[in-house]
There are 2 protein chains.
Amino acid sequence: MEKIKIGILGYGNLGKGVECAVKQNEDMELAAVFTRRNPQTVKILTSNVPVFSADVLDDGMKRPVFDVLIACGGSAADLPQQTPRYAEYYNIVDSYDNHNKAAEHFVRVDRAARLGKKLAVICAGWDPGIFSLSRVIAAAAFPQGENYTFWGSGVSQGHSDAVRKIEGVKDARQYTIPADEAVRMVRGGHMPVLEAGQKHVRECFVVAEEGADYEKIRNEIVNMPDYFQGYTTAVHFISEEEMKEKHSTLHHAGMMIRPARTGWENSSNALYELRLRMDSNPEFCGCIMCAYARAAFRLNSEGHSGCRTVFDIPAGKTFYGSRRELFGML
Amino acid sequence: MEKIKIGILGYGNLGKGVECAVKQNEDMELAAVFTRRNPQTVKILTSNVPVFSADVLDDGMKRPVFDVLIACGGSAADLPQQTPRYAEYYNIVDSYDNHNKAAEHFVRVDRAARLGKKLAVICAGWDPGIFSLSRVIAAAAFPQGENYTFWGSGVSQGHSDAVRKIEGVKDARQYTIPADEAVRMVRGGHMPVLEAGQKHVRECFVVAEEGADYEKIRNEIVNMPDYFQGYTTAVHFISEEEMKEKHSTLHHAGMMIRPARTGWENSSNALYELRLRMDSNPEFCGCIMCAYARAAFRLNSEGHSGCRTVFDIPAGKTFYGSRRELFGML
């Protein structure tokens, strides 16, 4: 059997995660890595696979060495440019995660993919991605209900960066943690209206510069608008060694819970709850992206083109295995 | 907007559950109920909706009063006949639950539906159904893992019936309960090979005939091949009043858990866990069937025909709401 050839665009944590996932999928192989750094400085895990400058992708490779390109850049600066640009030339999968701008991203990617008769899948991580799928399925089946998503416990990169910008802070890590009370209520079948600060609490681990004012830093953190204001935030000052030892993993977790009512008078309770837990967020996302790369490849091979999200794609298309094996999962 | 007209075939617990679900979906309305009993003896909850003899469906109604027929019969005797028969004439949804024969059922339904250019969805409950979907998604994304499904705590009709057939038993209810130790292991990331009896324990509540031999009944239960042998089974003798008071609800629950490994050397843990909990199993199933009735209607309206399972259908097709609302769930 011909394997699906994967190209990875961007070799950071997520790119590495995709590389690991490709290795786990027996119907896939890594064909190339594309980087905006000097390719000669990029060492990858897979042997005998070339690293190219991302420039070679720009105007469409004459004969692409891959079937699907998995775009592993950031959602702020990279993907809004890359995915629409490359969707014209290549089947492509991204994990664009700006929920508010996803519809706009879709339109641009869809236009390019249709033009080039390619298949693109956007927002194919765990949130957006698998959680979005669950939100849709649960909402479709149980109209008398409410979706609640809780993230964590896990590191929020954006919040960590925000803390790092405070004067006197040398390094910082911010964990987002679901608020016990909120989870308990929702899981118990209640459908409360929750402010952001009631759903999650925040915990910061900070390495301060020598001689820095701890109280000043703490105050700046807990009162930071948009990021911490309105949340219960714990701030711990730790040493550089402790930061390195205890806070360098990329584990994460999340819950999508839909309490609902069924019955003639809506008097029965029903609960749909998806929980995800992962030691490595980028490896986990990489796995999901590979499954959707398979779907993109198949859909395009069948003559489809344009942009898709997770809820536009039948789950069976993501699964490697025969129809018979699929039925074995019924 | 024109509502989707639903026909219900079979008005037992599940038929009633579908009726309740139709009421919850603002884009649907109940058009008719079809029964094999004398229609005049069947009183339904919805006012001004006719109850017909199921016979009128047999050779295809000239102008069906509904868009989608939801078949609510049993999987042993009813659905293997009904779904293939009616799929030729009507869009149809069933919750056929014999996992081993589903592929065969699919082939027969598919042939009929293609012939009549109709759209059929089979196995559209929670297991098979939403759990199957989760098994496929989780397996597709995380190839280095294992799916474990736990049912309960909830009543198993088949096991209750088996106990009822024992001499001296007047009434019985059997609960299937996930074995704590097995759930703990799997949730902890282990992938044990589990015998059936290690995954679930069984608990029976029995009303005995006057003068019956309790020990003899208990022995017959716990040693019954296929049903109880190899399981840890608790047997409680209770009064008819207690049975009626405490064991007449149709609540159920289940978990589909996939522990998996990610990373270059498979050294990171990942966990996918879907939990469902419901006060009323038939109402819960009815809700899911309505969502797939919506998908069947839409797919057929777009010109598709043949049989589908939950993993052949994009989740977005089950969701009532605009594309914009869908994106709101990303």
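Is B:Asp312 buried or exposed in this structure? B:Asp312 is buried, with a relative accessible area of 17%, where buried means under 20% relative accessible area, exposed over 50% and partly exposed in between (1.4 Å probe, protein chains only). This is a predicted model, in which local features need pLDDT of at least 70 and side-chain atom pairs count only at pLDDT 80 or more, while totals for chains, interfaces and linings use all residues. Residues are numbered from 1 along each chain as its sequence is written, chains are lettered from A and ligands numbered from 1 in the order in which they are written, and side-chain values use heavy atoms, with hydrogens and water left out.

The partner of B:Asp312 is A:Arg323, and the two form a salt bridge whose closest N and O atoms are 2.7 Å apart; a salt bridge is a side-chain nitrogen of Lys or Arg within 4 Å of a carboxyl oxygen of Asp or Glu. B:Asp312 sits in the loop between β14 (306-308) and α11 (323-329) of chain B, and A:Arg323 in helix α11 of chain A, so the pair joins two chains. Here helices (H or I, at least four residues) and strands (E, at least two) are DSSP runs, numbered from the N terminus. A:Arg323 is partly exposed, at 36% relative accessible area. A:Asp312 likewise forms a salt bridge with B:Arg323, with 2.7 Å between the closest N and O atoms. Across the interface of chain A and chain B, the rule finds 2 salt bridges.

What else is found where the chains meet? The rule also finds 34 residue pairs in polar contact across the interface of chain A and chain B (both at pLDDT 80 or more). A polar contact is a pair of N or O atoms within 3.5 Å; within protein, one must be able to donate a hydrogen and the other to accept it, and residues adjacent in sequence count only if both atoms are side-chain atoms. The largest share of the side of chain A that touches chain B comes from β13(A), with 11 residues. β13(A) pairs with strand β13 (residues 268-278) of chain B in the antiparallel sense, over 9 bridges; two strands pair if DSSP finds at least two bridges between them. In this pairing, A:Tyr272 stands opposite B:Leu276.

The contact (heavy atoms within 4.5 Å) takes 68 residues from chain A and 68 residues from chain B. The two chains bury about 6,100 Å² between them, 63% of it on carbon and sulfur atoms; buried area is the accessible area (1.4 Å probe) that two parts lose on being put together, summed over both. In chain A, the residues that lose the most area to chain B are A:Gln24, A:Trp264 and A:Leu330, together 15% of what that side buries.

B:Ser132 lies in helix α4 (residues 130-141) of chain B and is buried, at 0% relative accessibility. A polar atom of its side chain lies 2.8 Å from the backbone nitrogen of B:Gly129.

Salt bridges also occur within single chains. In chain A, A:Glu215 and A:Arg218 meet in one (3.0 Å, N to O), and both lie in helix α8 (residues 214-222), 3 residues apart, about one turn of the helix. In chain B, B:Arg275 forms a salt bridge with B:Glu273, and B:Glu273 is buried, at 1%.
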